[in-house]
Amino acid sequence: MHERILIVDFGSQYTQLIARRVREHGIFSEVVPSQLAHEHLGEGLAGIVLSGGPASAYESGAPFLDPALLSAGVPVLGICYGMQWMCEQLGGKVVPGETREFGFTEMTVAASKGLFQGVSDETVVWMSHGDRVAQLPDGFERLAHTAHCPEAAIGDDARRFYALQFHPEVAHSREGATMLRNFLLGVCQCAGDWTPGNLAEEMVEAVAVQLGDDGEMILGLSGGVDSSVVGAICQKAIGRRCHAIFVDNGLLRAGERDLVENEFCKHFELDLTVVDAADRFLGKLAGVIDPEQKRKIIGHEFIEVFRDAVKQHPRAKFLGQGTLYPDVIESVAAHGGATEVIKSHHNVGGLPDDLELELVEPLRLFFKDEGREIGRCLGLPDILVDRQPFPGPGLGVRCVGECTPERIALLRAADHIVTSELEARGETDGVWQYFAVLTGARSVGVMGDKRTYEEACAIRMVQSLDGMTADWVYPSREALAAISSRIINEVRGINRVVLDITSKPPGTIEWE
Ligand code: XMP
């Protein structure tokens, strides 16, 4: 059992960020909803972080958390709402603040020691709160203040309880990483020697144990990072007892099928079946233009194709999935109700229960970038590990309007030009996604001396941490010029290229 930090989720938009920050310091962290947190005390627990959240600690109906957490004998760090919950529990008082504090805020630190060891006397933190602590619980002292918040940071050294009104996990808190480090390595005395990479062998071993001496499994390989890493782990664990299935749905990027067939089989002796189902998918998509209907058709068809392929391996009783930690974290719904469905996501792993296969999910405790590191350790080539995310419904959600074979071919060709020009210029390092979209608009142009009336293609390039929010990225003028000229010249059927400068929100990354 590795040492671990328990992150109690009160519904903050930053909870996952706290988990990532903790892991960046070499300590395993797990996120649990507040009402279930008490079930996660015990072995390996080195400390607890209480997240922020939208509730008010003095109101009825605030999320439940068992006060037993405060007698677990480990250090506790409360952040924002987490601070206020702690104070109310321990006999302090929380009141609505006279002024809301939001954004960059100057903070004065009382002493450069403990949590604030190595932090400047005057620093900048990120605030986002309406309520504030008006009366400290017994045993606590002030550690820092701002103009509007006398208790910006408080602590009780004897019990090793600390609380911050601001968000140290957000990069805008200039020295937040130092404070978290002080809490984790100093107060909690964690060793900080956990890395996803050094777990790779353990994961291989765990899959070997789960499958036993003769267990066989099916794995849906998509060409994306997650299923590739799972493929690498499972192949190392059970060799050719892992049967990988790659479905060519006709909505793949240029060279995708070859990449999977060649790269994967070159580096790993995987038992791979490629199912050529392009006609089947495109046939079902004929005449359909509604985005949700397209998504549903592609998802449904995938299940049917996969079901047929599984029948070829009657001995397989396990199913490998590239499930990642963000899919597993059961987040506290901020407003109680179900969140609105913006798009019905389809993933290669999203298969129905009636397949009656036991799941093998070696990445379920990991974030995407950690999965990449594990993949690298297992010898997956960069070309697979560093691939940008690609949605399950593929080019289908980038082709606004009907997905005819001709339009998909146009989009595939344009997309290849966009990605290869940006990559060749080294403009894609650290960029989340970059691709082409067939917008569905047509416009008049002139080529040679002839009038044209053809499709308009958009260049979409975004920066993001996790796909939940995103900022658009400006490619260089040279790259834009090369892309535009090549698409117009080489892709017959597109006569206009535009740049998408919409962030998420209000846009989404994909167009459908
Ligand atoms: P949106 O368009 O919702 O996309 O802003 C956010 C991120 O999710 C990817 N995406 C998908 N991934 N199945 C997936 O596995 C899907 O159905 C799907 N739809 C969108 C998208 O590429 C972006 O990274």
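His-243 sits in strand β11 (residues 242-248); helices (H or I, at least four residues) and strands (E, at least two) are DSSP runs, numbered from the N terminus. The model is a predicted one, so local features need pLDDT of at least 70 and side-chain atom pairs count only at pLDDT 80 or more, while totals for chains, interfaces and linings use all residues. Residues are numbered from 1 along each chain as its sequence is written, and side-chain values use heavy atoms, with hydrogens and water left out.

With a relative accessible area of 8%, His-243 is buried (buried is under 20% relative accessible area, exposed over 50%, partly exposed in between, with a 1.4 Å probe and protein chains only). Leaving aside residues up to four places away in sequence, His-243 touches Glu-216, Met-217, Ile-218, Leu-219, Asp-271 and His-313, where contact means heavy atoms within 4.5 Å.

The strand that holds His-243 belongs to an open sheet of 5 strands, ordered β12-β11-β10-β13-β14, with parallel pairing; two strands pair if DSSP finds at least two bridges between them. At the edges stand β12 (271-276) and β14, each pairing on one side only. Neighbouring strands here are turned by 30° against each other on average, direction ignored. (Axes are lines fitted to C-alpha atoms, for helices over the stretch in contact, and angles run from 0 to 180 degrees between N-to-C directions.) Strand β10 (residues 216-221) and β11 run parallel and are joined by 5 bridges, with Cys-242 of β11 as the bridge partner of Met-217. Helix α4 packs on this sheet, touching β10, β13 (316-320) and β14, and its direction makes about 165° with that of β14. Helix α8 (residues 291-311) packs on the sheet too, touching β10, β11, β12 and β13, at about 145° to the direction of β11.

Helix α4 turns up again at the second largest pocket, which has a volume of about 420 Å³. For the record, the search runs on a 1 Å grid over the protein atoms alone: a cavity is a set of points where a 1.4 Å probe fits but cannot get out, a pocket is an open set with protein on both sides within 12 Å along at least five of seven lines, and lining residues have an atom within 4 Å of a point. Grid points are joined across faces, edges and corners, and a volume is the space filled by probe spheres set on the points. Of the 19 lining residues, Leu-199, Met-203, Pro-362, Leu-365 and Phe-366 are the closest to the centre of the second largest pocket. The elements giving two or more residues to this lining are β2, α4 (200-211) and β14 (358-360), and α4 gives the most, with 5 residues.

Strand β2 leads over to the other sheet, an open one of 9 strands in the order β2-β1-β3-β4-β9-β8-β7-β5-β6, with mixed pairing. Its edges are β2 (28-33) and β6 (122-135); each has a single partner strand, so one side of each is left without a neighbour in the sheet. Neighbouring strands are turned by 20° against each other on average, direction ignored. Strand β1 (residues 4-9) pairs with β2 in the parallel sense over 6 bridges, and Glu-30 in β2 is the bridge partner of Leu-6. Helix α2 (residues 81-89) packs on the sheet, touching β3 (45-50), β4 (76-79), β5 (93-109), β6, β8 (153-156) and β9 (161-164), and its direction makes about 120° with that of β4. Helix α3 (residues 176-187) also packs there, touching β1, β3, β4, β5, β6 and β9, at about 160° to the direction of β4. As for β3, 6 of its 6 residues are buried; β3 runs parallel to β1, joined by 5 bridges, and parallel to β4, joined by 3 bridges.

Most residues other than glycine have a negative phi, and most peptide bonds are trans. Cys-80, in the loop between β4 and α2, has a positive phi of about 55° although it is not a glycine, and is buried at 6% relative accessible area. Arg-160, in the loop between β8 and β9, likewise has a positive phi, of about 60°, but counts as partly exposed at 31% relative accessibility. In the segment after β18, which contains Pro-505, a cis peptide bond joins Lys-504 and Pro-505, with omega about -15°. Another cis bond joins Pro-505 and Pro-506, with omega about 10°.
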